[in-house]
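Let us walk through a protein model step by step. Keep the sequence and the 3D view open as you read.

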Amino acid sequence: MLPRVNPTKTKAWKALEAHAAATADVPMRDLFAADPNRFDRMHLRLEGLLLFDYAKHRVDEQTLSLLEQLFDQCGVSEGFKAQLAGDAINETENRSVLHSALRSSQNDSLMVDGQDLRPGIVRERERMLDFAESVRDGRVRSTSGKTFKHVVNIGIGGSDLGPRMAVEALKPFAHRGIQMHFVANVDGADLHETLLLLDPARTLFLVASKTFTTQETMANAEAARTWLLQHLGDPAAVADHFAALSTNLDKVKAFGIRPERTFGFWDWVGGRYSIWSSIGLPLAIAIGAEGFRQFLAGAERIDRHSVEAPFRQNIPWIMAALGIWYRNFLGAATHAALPYDQYLHRFAAFLQQMDMESNGKSLDRNGQRVTYATGPVVWGEPGTNGQHAFYQLIHQGTELIPSDFIASVLPQHPLHAHHAKLLSNFLAQSEALMMGKVEAQSPYRVFEGNRPSSTLLFDSMTPEALGALVALYEHKVFAQGLVWNLFSYDQWGVELGKEMANVVLPDLEGDGPIGLHDSSTTALINHVRTLSSKALSV
């Protein structure tokens, strides 16, 4: 089980509060001036993969020492060991958390509740990868015998954000003869606009829902099935044009999908951590089995690093500690993820779910309301687009916004002159945020600086590198949850809105008395009913 430590009661927390007050007015440019070797001591390198620079942060050796003590006193190391051992650390759902096992190359037994999980993991992975290769090389074909040109992933949340982000990020490695599409929103516009792009005779739909009951996903899947049958006419075509990523075999079969085209995963795989499972099928189709294995290998390298490296050499733990420093001791409410890589344009949206769904909690592991800040608001946009949108606030606004700058030394396109310009902006922005500009003819041109940032500079954004990038943030988020004494792997806050939507829907679709709601909701339902009935009567 996980430790249950109120972080504010630890000696390290109290020392960090005093330390923050004592160093609040020390600018980073003075820290650099006083220590020519600051970068040497505050960067980490994983050879052949990435360089992590955290020198541009409002920390010194004492800060890092106290944060290390905080991690020790809150049992972060013990928490990681409990997760990897298969303990049911998701206690509110009585589940283990073993997405890391999906990318492990080890052959030793992984026993949970008396069952070795390794054989099942390997078997399902190989089934999924074999199907992906069959779609790519044309062994799997449509009802009419044509190869598939379009693959549409229908899911939502982790069944959409992860594979969509990864497929976009690794587009340079993709099979260009197969176009990947993603539909998530229950807003019919999402599916409608996608269907306009498709050739029904050459389209494969992937329905991603563990329970095969997710409202948004099943509404889109059923509409896609109706569309397909309208164009192809043959009910048997569903079996040739659909596959399922689910564990509910009865509902999958009732939908018309064959068992051999159903790929499962386990209750110890949370949605926002499921890209490593069969939910990664869209990525496997895009980049192939070997590319997917490299993606897993990159994550596994970070898994080993996060468990084996001591605090000062541990990249995700340093990332987590810095986040806690700003969130709890310097009052930062948000965190910006700024990839200088257009292929990573969906990364911030993916990271929002991973972080905010995991640590957006106000009850600790003892069931007590926390008295300290927990998960930050996570947001971002690719550079240089963001520079012409919101960087003004980061540079001169009243909010302290720690930022992660993410880029690669080598581009995945041939326009190298563009890449030099991109990297010049990438490097200049973090330097400007740190240094500022204190001498200017106008006060409006003064930049205070002292705005913190980390730099994650990858050698090249390969499948291995993307796997490593995702795993870095996974471990960062979990380490922060351990310090904040949270259950990071449940998401009960997602459920209430779903339940209430099921109550509102009959009132919207019906014409009888409206059920019990607050006066605002009742009035809005009436308004929708009135306009909808008028539109239908025209």
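Predicted model: local features only at pLDDT ≥ 70, side-chain atom pairs only at ≥ 80, totals over all residues.

Residues are numbered from 1 along each chain as its sequence is written, and side-chain values use heavy atoms, with hydrogens and water left out.

A pocket is an open set of points on a 1 Å grid over the protein atoms alone, where a 1.4 Å probe fits, with protein on both sides within 12 Å along at least five of seven lines. Its lining residues have an atom within 4 Å of a point. Its volume is the space filled by probe spheres set on the points, with grid points joined across faces, edges and corners. For the largest pocket, that volume is about 1100 Å³.

Which residues lie nearest the centre of the largest pocket? They are T214, Q491, V494, E495 and K498, out of a lining of 40 residues. Four helices, α7 (158-169), α9 (215-232), α14 (347-359) and α18 (495-509), each supply at least two lining residues. Helices (H or I, at least four residues) and strands (E, at least two) are DSSP runs, numbered from the N terminus. The lining holds 13 nonpolar, 17 polar and 10 charged residues. Here Ala, Val, Leu, Ile, Met, Phe, Trp, Tyr, Cys and Pro count as nonpolar, Asp, Glu, Lys and Arg as charged, and the others, Gly among them, as polar.

Now turn to the cores. In soluble globular proteins, nonpolar side chains tend to be buried together. A nonpolar core is a set of buried Ala, Val, Leu, Ile, Met, Phe, Trp, Tyr and Cys residues joined through side-chain atoms within 4.5 Å. Buried means under 20% relative accessible area, exposed over 50%, and partly exposed in between (1.4 Å probe, protein chains only). The largest nonpolar core has 118 residues, and F71, F458 and L466 have the most contacts inside it. Helix α17 (residues 463-483) gives the most to this core, with 13 residues. Apart from it lies another core, of 20 residues, including V152, L191, A221 and A244.

Look at F71 itself. Setting aside residues up to four places away in sequence, F71 touches V76, F311, W317, A320, A321, I324, A479 and V483. Contact means heavy atoms within 4.5 Å.

L344 sits in the loop between β10 (334-339) and α14. L344 counts as buried because its relative accessibility is 1%. Not counting residues up to four places away in sequence, L344 touches A169, P339, I406, M461, L466 and L469.

Beyond its neighbours within four places in sequence, E464 is in contact with L49, Q294, F295, G298 and R301.

Next, find H241 in helix α10 (residues 237-241). H241 counts as buried because its relative accessibility is 0%. A polar atom of its side chain lies 2.8 Å from the backbone oxygen of T203. Leaving aside neighbours within four places in sequence, the contacts of H241 include S142, F148, L228 and R261.

A184 lies in the loop between β6 (179-183) and α8 (188-195). At 10% relative accessibility, A184 is also classed as buried. Among the residues A184 touches, not counting those up to four places away in sequence, are D160, R164 and E216.

Finish with the backbone. Most residues other than glycine have a negative phi, and most peptide bonds are trans. F212 has a phi near 60°, a positive value in a residue other than glycine. F212 lies in the loop between β7 (203-208) and α9, and is buried, with a relative accessible area of 4%. N485 is not a glycine either, yet has a positive phi of about 65°. N485 is found in the loop between α17 and α18, and counts as buried at 0% relative accessibility. The peptide bond from G383 to T384 is cis, with omega near 10°. T384 belongs to the loop between β11 (377-379) and α15 (391-396).

Conventions
Polar contact = N/O pair within 3.5 Å; in protein donor to acceptor, adjacent residues only side chain to side chain.
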